[in-house]
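Hi,

Here is the structure I said I would pass on. Have a look at it first, and then read on for my notes.

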Amino acid sequence: MRDHRAAAIAAPAEHRQAPAASFAPDAGAGASRPGEAAPEAPATGIACLRFEPPEDPDALGRAWQAHLAPVFSVSFGPETDLSVPIAMRSYHLGELLVGDVIAPAHILERSPEMIRQQGLDHILLQFYRRGRSVVETDRAAEPVSEVQCIVFDLAQPVRIVADAVDATNVVIPRALLEKQGCHPDALHGRPLDHDGDPFGRLVHSFVANVVACGDRLDQREALASASAIIQLCATWLRGRETGSPVQHQDVRIRVRRFIEAELGNPKLSPALIAARLGLSRSTLYRVFAPNGIVTYIRDRRLMHAMRMLIRDEAQPARVARIAYAVGFTDERTFRRAFKRRFGFVPSDAVQRFGPNRGPEPLSILQTWIESL
């Protein structure tokens, strides 16, 4: 790293300013939501998104909730002070996302229903520099303090009661960590010391340097940085693994990956999944309780269809073609299911959510996460 880039780390967190939002040509985002800066296309560099506070102070809380909605449901307690600085920037490095956040006291949650709808298969590492929280999972409630890193498996439920925090974030697809021999399932909700541990300090320092220099990196440097971050994080987490992976969680991950790969297959069914993955039907129903695996498959198909409808505005696609592309066998059934799910027919999707027609149903941040 060149000297003028490394020097950016010296700035205290409270004096850092997120760069203006910019997007690489292939970032895949449409219209921005309130709280997201408008897209720009830089001549060089990497994609960056920052939280943009609204001009109306009364709308700040809602804008912050909308910005974090792709990852957490946000609520505020009586102690929350929304007059303090709120900032978040995220860089898309191609294979993963990095960034930092300065946030007020709030409550974050990933419920089973949210997990079912989003179908994310990613690990979030949050390195605290300042602040405290209590992280509640199905197994324990863990206090998290300054200079600790919390590991979030976004496929498992969690609730975080947080004071005002300043932290560095990394979002990595689980598959990339598993390729390095790291299986972080059992680390979900656990705080790890990233300051007292020498290698943890190295990992955090490297990620923080990449974030601080993000607006100066080009695509080649971003890809190299992403590769290094994956290897560093996998090595560090592999040395901290204790216990065994959650059995049902491992099954759920395998099934979700299979479903995403087979969405266009009209024969996709619980019987096909059970046969191809060597699972019993009862296991599938138990793992996807209470709504069931059939409901999950249909919801993933409809969400994928919505993205196709929005992104195909430049070359209008026939609804029937999209219906078949996501595994429906006839257009009429697709139209009925789509209207039940979203409240309007497929042909109205662009008019309701296309560019320059108001916020789209998938925020830029959600589009980025799903693109990994």
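Start at Val 74: the residue standing opposite is Leu 108 in β5. Strand β5 covers residues 106-110 and is joined to β2 by 3 bridges, with the two strands running antiparallel. Helix α2, residues 60-68, lies across both β2 and β5, and runs at about 155 degrees to β2.

Before you go further, keep in mind that this is a predicted model. The chain has a mean pLDDT of 83, with 80% of its residues at 70 or more. Where pLDDT is low, the predicted coordinates should not be read in detail.

Back to the strands. Which order do they take in the sheet? It goes β2-β5-β10-β7-β8, an open sheet of 5 strands with antiparallel pairing. The edges are β2 (73-75) and β8 (141-144), each of which pairs on one side only. On average, neighbouring strands here are turned by 15 degrees against each other, ignoring direction.

β7 (residues 133-136) and β8 run antiparallel and are joined by 4 bridges. In one of these pairings, Val 134 has Pro 143 in β8 as its bridge partner. β7 and β8 form a hairpin, and 4 residues lie between them.

That's what I have for now. Write back once you've had a look.

Cheers

Key:
Residues are numbered from 1 along each chain as its sequence is written. This is a predicted model: local features need pLDDT of at least 70, side-chain atom pairs count only at pLDDT 80 or more; totals for chains, interfaces and linings use all residues. Side-chain values use heavy atoms; hydrogens and water are left out. pLDDT is the predictor's confidence in each residue, from 0 to 100. Two strands pair if DSSP finds at least two bridges between them. Axes are lines fitted to C-alpha atoms, for helices over the stretch in contact, and angles run from 0 to 180 degrees between N-to-C directions. Contact means heavy atoms within 4.5 Å.
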